[in-house]
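Walk through this model with the viewer open.

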Amino acid sequence: MGRSGGGRRRDRMRWSKLYTFNCFRGHHGDAGDEGPSSDAAGAVGGPGFSRVVHCNNPVLQKTLKYPTNYITTTKYNIITFFPKAIFEQFRRVANLYFLLTAILSLTPVCPFSPVSMIAPLAFVVGLSMLKEGLEDWRRFIQDMKVNNRKVAVHKGDGEFVYRHWEELCVGDVVKVEKDQFFPADLLLLSSSYEDGICYVETMNLDGETNLKVKRSLEVTLPLEEDESFKDFQEAVIRCEDPNPSLYTFTGNFEYERQVYALDPFQILLRDSKLRNTSFIYGVVIFTGHDSKVMQNSTESPSKRSRIERKMDLIIYILFTVLMLISLISSIGFAVRIKLDLPHWWYLQPQNSNKLDDPSRPALSGIFHLITALILYGYLIPISLYVSIELVKVLQAHFINQDIHMFDEETGNTAQARTSNLNEELGQVHTVLSDKTGTLTCNQMDFLKCSIAGVSYGVGSSEVEIAAAKQMASGADDHDIPLQDIWEENNEDEIELVEGVTFSVGNNRKPSIKGFSFVDDRLMQGNWNKEPNSSTILLFFRILALCHTAIPEINEATGSIAYEAESPDEGAFLVAAREFGFEFFKRTQSSVFVREKHTSPNGTTEREFKILNLLEFNSKRKRMTVILKDEDGQILLFCKGADSIIFDRLAKNGRMYEVDTTRHLNDYGEAGLRTLALSYRVLEESEYSSWNAEFHKAKTSIGPDRELQLERVSDLIERELILVGATAVEDKLQKGAAKESLLSQIANGSQMVKLEKDPDAAFALVIDGKALAFALEDDMKHMFLNLAIECASVICCRVSPKQKALVTRLVKEGIGQTTLAIGDGANDVGMIQEADIGVGISGVEGMQAVMASDFSISQFRFLERLLVVHGHWCYKRIAQMICYFFYKNIAFGLTIFYFEAFAGFSGQSVYDDWFMLLFNVVLTSLPVISLGVFEQDVSSEICLQFPALYQQGPKNLFFDWYRILGWMGNGLYSSLAIFFLNLCIFYDQAIRAGGQIADMAAVGTTMFTCIIWAVNMQIALTMSHFTWIQHLFVWGSISTWYLFILAYGTTLRSGDNYQILLEVLGPAPIYWAATLLVTAACNIPYLIHISYQRSCNPLDHHVIQEIKYLKKDVEDQTMWKRERSKARQKTKIGFTARVDAKIKQIKGRLHKKGPSLTIHTVS
Amino acid sequence: VVSVFFIVGVIFVPVGVVSLLAARDVVEIIDRYDEACVPGNMTNNKLAYIQNETISKVCIRNLTITKAMKQPIFVYYELDNFYQNHRRYVKSRNDAQLRDRRKANQTSACEPEKTTANGQPIVPCGLIAWSLFNDTYSFTRGSENLTVDKKDISWKSDREHKFGKDVYPSNFQNGALKGGATLEPTIPLSEQEDLIVWMRTAALPTFRKLYGRIYFDLKVNDTITVRLNNNYNTYSFGGKKKLVLSTATWLGGKNDFLGFAYLIVGGLCIFLAFAFTLLYFIKPRLVTFNSSLLQSAWKVISCVLDIHVTF
């Protein structure tokens, strides 16, 4: 994983005491440097440093009110839930509007009965609150689980009892056992190790999986068993107040009338885990929400999707329309009141109140404006927000449940951590990807090596295999998806031309993790028979000794795993073990190696004393150990980047330089990561004089200390003798070979992985330093423009901050949806900055996942997440919103038209109950089923035709054309519904019995027509029907009839009493009108889709048709053609490398092939 | 989709034809009498005419039957520019009071026609009842009296459930302001069918209401004499009054619109079906991707950090 700032800090912490080369900047002196420290003590007690902890003294401690270790992450509690949740709900402008109307409905201004205003609002808000409540309840349960974990606490007299975490108080002494989490921030007193060290895994804090060493003060070392805490009373800790900084701690430890300075090396943080240590004792310093990890927890910034933002805009437009028609209505009302009402004797105008007073038309008009605003409120879909919320939760559920995104290795499914952004997944325009661990497994395989100018290892890299496969199949145009290459590995070897052979097959699946090396010359001790066996021996020893790893012995099997800084190191150690040099133990000063084939007596254990360790950093690009072997010889082993090592070779150390360079180039072309290994023998005197200088530099204080150290170490890392080089393969994640497929989403863009030497990438490559300039204000737009022109951009060696800056630049510069994917703590910035952050859950800890919006367990699932779920969710939500506006416009406007015929009096033609049920019951379920289940094409086809994905970034389904189209459709439908019914029921009898339709009959018929029209419309919109959709659509229509039947039996219904049974049911004209209006309403949509399909089809129409017409043989070829068409010709990264390899091989064969390899960075 | 158009067309055209034929069967005679019934000397002041109780409101109209009418013949009155759907009007009633004698005091929502000046509840209260239509018609053909059957002109459920059998009008039209018709206090509301019909407010300002039925067949060129009492004031708001005699079919009254609408929609669908079929043959679409879609670029920026051992 990329290790920048954080990584280096960690390195310091880890090796601070054990080894010598380190770079302490702080003023504490070395870690664990015990004894009173004046400058640290100075701050303690001052502002911000007020905390006092009386260790093991609960009586005294109680006088200080510190919180208990109880944590809660819930948003609400029982008391605050209602006020807070209701407040949250009414922060939405639409809900606030409905609340206002509900309040106004209690006044005579309201055209409806209060219940018909309040009930839907209560339903909608209640549902949202229920969802909030459930989510909070889940958090509460989670908290309870944590709070009820148990830990051994000293209860007095040297006795420890198990207590819940939540009962823990500041000052308690706790005993934490192996593989347990620390319950609070602790001061380490002692451990099961004599020297008071312990190993800690901080994965939950910063996502780093390697172990860190913590070390207690020497003065507390005697407290190493339960009994010793009997008399441990007087110790007092004075330290800083709670703060979120994970890597700092300032405080004093007062014990036995002495003051000792504390620093982060004695502090064990909550949520980190004790490893490799059987137990520790510690004193609780920060509890519960005071602990650093809790102080650190920030709510991930809430993001809203583009569609939702646009939706708000549309709601504002609708509000404007609402305002407008209300204004028209109230002006109309005022005019009629003024001019006509005095003549309408049947209204008794002389007895009118202020609501309709002919003498004061303006006042009445203003009152009527409020009435109208309420009346036409049906233009605003009240249930839109809650429906969308519900739909998104269900969509997220589907994403979480998708078996195709289930990782069998880790048992993790994909997780939509927020459901706000589902549809945004379908609109991703730019992907920003972290490489290691994201594109690659970050799992290194030792594949080849060059020792003494001889290349060993016959295995092939993925690049070579892919190239070989393509050569063999003769498919230059990449018609065969790369993943097929792996699947078709049934041949062991592909003979290309004489001499050029790649072995494929067995060795692709190494039995040993991290080791794919195949070459009998070196295995089983055969290397002894090689001509340069002494050099080979050195090579192996360098592998086994020059590192900073810690061996971890699995007690059950006796096998050894390595806790290595980097996976490369791990691969080296595994390789060394396989070659017979097993590193099995490390102490403060020595490394122990079990060597199998070096002596005739079989396995021997050798101890190498570590004298100095000069650490790796990205500037030095090399790492050195100086050690003394059992014969007392002082050796310096150095590994590093080839260019660095070659610069430092002695004159007599360049024996193999030419051959090794050639091999390194070969390895590089095969996509392998290479390192050069070298050594040097030091004279005792030479070493000791250097060491003295080194020690001086180390202990010097001042800003140039690091520089000094660098200079001094530079002195000794010279005159090296080249031994050889290694080549490890950073394996692509399974499915990252599908990069070509992913690039099809892009149709022309590429997923990129950065090789260390991106020689074949047609890409803009920029490193951190250059990026710093490029991101400056005046440059960044040029940089962006350049970046957009390039097929892809690779930024290497950038800091997390720069990642975030690039993300922001792209996000703001392109103005399109960006997606950032990463797996480590250093990706958090860009994950939070991007429109969508995707975290890879897996080896690198939880930090990225915690910050992300979606988490997947492997990179390859991104494809499915975007192409299938993103595409679906985008279409679903877009169609759903459009439909919502359509149906509410179609319904709301009929109310307005009726006004014109009712003297703008605010009378509604529909019964209050119909209106109440319209949004909440009669039309809500079909649209929800559309939002949850709609699939334009099946998931397989989505994956096969990623071109479909383009519909999202192009926003074909939520552009203004479409939104206005739907609104126009709503307008048309409202006109059709109202005026057709008006003409049909104008003044004539509706029955053979001569009866005339009254207002109730007309209203009910119109409402029936609306229910039919909008439900037919959604049925036409859906392209994927399951029984659920059928149930909901037809169920909604039946519900309407059932409702009107039931409603007709109650006398509450007024003129709607028995309306279906007695008035409308027996009237053929009612059914005829329903049929006519339903058909008339949907004809424009039908015309639209027929026209679009026949003249201007969208991709999914074509595919739906192909699928519908699909005939076996004929279409198979066509599908293939379509698929290859959909594939891009430009290739980057892996694909490009394969091309380059093919060209290279061809060139070799024809002796004239031009090499397209471009060296951009060396 | 083309088949959908075709099916809709095939269904709609016959339905349209049938509806149209049914509507054509209906014979309808409309006579506007509000102007004609004003005596010649008062045409300039119709309002004074209608408000003057001393002037006789009886008016004789002769109608000639243009086409044979089979019984039952429905008698309607039609009002124009009368906002029965005005919110102030629609609200002004109390259903509970109409249904139940014991709830006579429930006059809420009946403003401004709730109680008498001394606080007695009006039954039926509210503007709707107060403005009950009060023109009356009687018909003769020659000397033959064509009796108007006024039974069953309202919905059965209204009579049985919404207007009480034991609820009698009280304090009705007793106030200073006289509205429309008075009600016979001895007849329960459930039998006051004119009121029941009137209380079903109309959806539009132009509306007809059923007055009664005549169970006589009328022949072509029959002359019918209508003797009417022109009591109801539509002059103040300029509303027309019409008398309508009409027959009805299974589809109701004389309503050409439904049939035409069906024919138009059906015809349009068939036209579209042909048009799209034709389009398909003229311009057969290649099953292919839109090439511009393939060209679009989707940028991938790979932020890659240096790795510990990447030198």
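Start with residues 6-23 of chain B. This stretch is 100% helix and 0% strand, and its end C-alpha atoms lie 26 Å apart. Keep in mind that the model is predicted. UniProt, in an unreviewed entry, gives the feature "transmembrane region" for residues 6-23 and 260-282 of chain B.

For "transmembrane region", the unreviewed UniProt entry gives residues 313-335, 366-388, 884-907, 913-933, 963-987, 999-1019, 1031-1049 and 1069-1087 of chain A. Take two of them. Residues 313-335 of chain A are 100% helix and 0% strand, with 33 Å between the end C-alpha atoms. Residues 1031-1049 of chain A are likewise 100% helix and 0% strand. Here the end C-alpha atoms are 26 Å apart.

Now look at how helices of chain A pack. Two packed helices are described by the angle between their axes and the distance between the axes. Helix 9 (residues 306-339) of chain A meets helix 26 (residues 861-901) of chain A at an angle of about 5 degrees, and the axes are 12 Å apart. Angles under 35 degrees count as roughly parallel, and helix 9 and helix 26 of chain A are therefore roughly parallel to each other. Helix 9 of chain A brings I307(A), M311(A), I314(A), I315(A), L318(A), I325(A) and I328(A) to the contact. Helix 26 of chain A answers with Y874(A), I877(A), A878(A), I881(A), F885(A), I889(A), L893(A) and F896(A). By class, this contact has 15 nonpolar residues, no polar and no charged.

Helix 26 of chain A has another partner. Its axis comes within 11 Å of the axis of helix 27 (residues 912-922) of chain A, and the two cross at roughly 170 degrees. Angles over 145 degrees count as roughly antiparallel, and helix 26 and helix 27 of chain A are therefore roughly antiparallel to each other. From helix 26 of chain A come K887(A), N888(A), F891(A) and I895(A). From helix 27 of chain A come M915(A), F918(A) and N919(A). This contact divides into four nonpolar, two polar and one charged residues.

Next, another part of chain A. UniProt places "domain: P-type ATPase N-terminal" at residues 53-118 of chain A, again in an unreviewed entry. That span is 52% helix and 3% strand, and its end C-alpha atoms are 56 Å apart.

Turn to charge pairs. Side chains of opposite charge can pair when their charged atoms come close. There are 50 salt bridges over all chains. One of them joins D290(A) and R51(A), with the closest N and O atoms 3.4 Å apart. D290(A) sits in the loop between strand 13 (279-286) and helix 8 (292-296) of chain A, and R51(A) in strand 1 (residues 51-54) of chain A, so the pair ties together parts that are 239 residues apart in sequence.

Now the sheets. Strands of a sheet pair through backbone hydrogen bonds, either parallel or antiparallel. In chain A, three strands form an open antiparallel sheet in the order 7-6-12. Strand 7 (211-215) and strand 12 (273-275) of chain A are at the edges with a single partner strand each, so one side of each has no neighbour in the sheet. The twist averages 45 degrees from one strand to the next. Strand 6 (residues 197-201) of chain A pairs with strand 7 of chain A over five bridges, in the antiparallel sense. Within that pairing, V200(A) has K212(A) as its bridge partner.

Chain B has an open sheet of five strands, in the order 1-9-3-7-6, with antiparallel pairing. Strand 1 (28-32) and strand 6 (148-149) of chain B stand at the edges; each has a single partner strand, so one side of each is left without a neighbour in the sheet. Strand 3 (residues 73-79) and strand 9 (residues 241-246) of chain B pair antiparallel over six bridges. V75(B) has L245(B) in strand 9 as its bridge partner.

Finish with the backbone of chain B. Q71(B) and P72(B) are joined by a cis peptide bond, with omega about -5 degrees. P72(B) is in the loop between strand 2 (58-64) and strand 3 of chain B. Another cis peptide bond joins V123(B) and P124(B), with omega about -10 degrees. P124(B) is in the loop between helix 4 (95-99) and helix 5 (127-130) of chain B.

Technical notes: Residues numbered from 1 in each chain as written. Chains lettered and ligands numbered in written order. Predicted model: local features only at pLDDT ≥ 70, side-chain atom pairs only at ≥ 80, totals over all residues. Heavy atoms only, no water. Pairing = 2+ DSSP bridges. Helix = DSSP H or I, 4+ residues; strand = E, 2+ residues; numbered from the N terminus. UniProt positions renumbered as here; feature names shortened; annotations may be inferred. Axes fitted to C-alpha atoms, helices over the stretch in contact; angles between N-to-C directions. Parallel < 35°, antiparallel > 145°, perpendicular 65-115°, else oblique. Contact = heavy atoms within 4.5 Å. Nonpolar A, V, L, I, M, F, W, Y, C, P; charged D, E, K, R; others polar. Salt bridge = Lys/Arg side-chain N within 4 Å of Asp/Glu carboxyl O.
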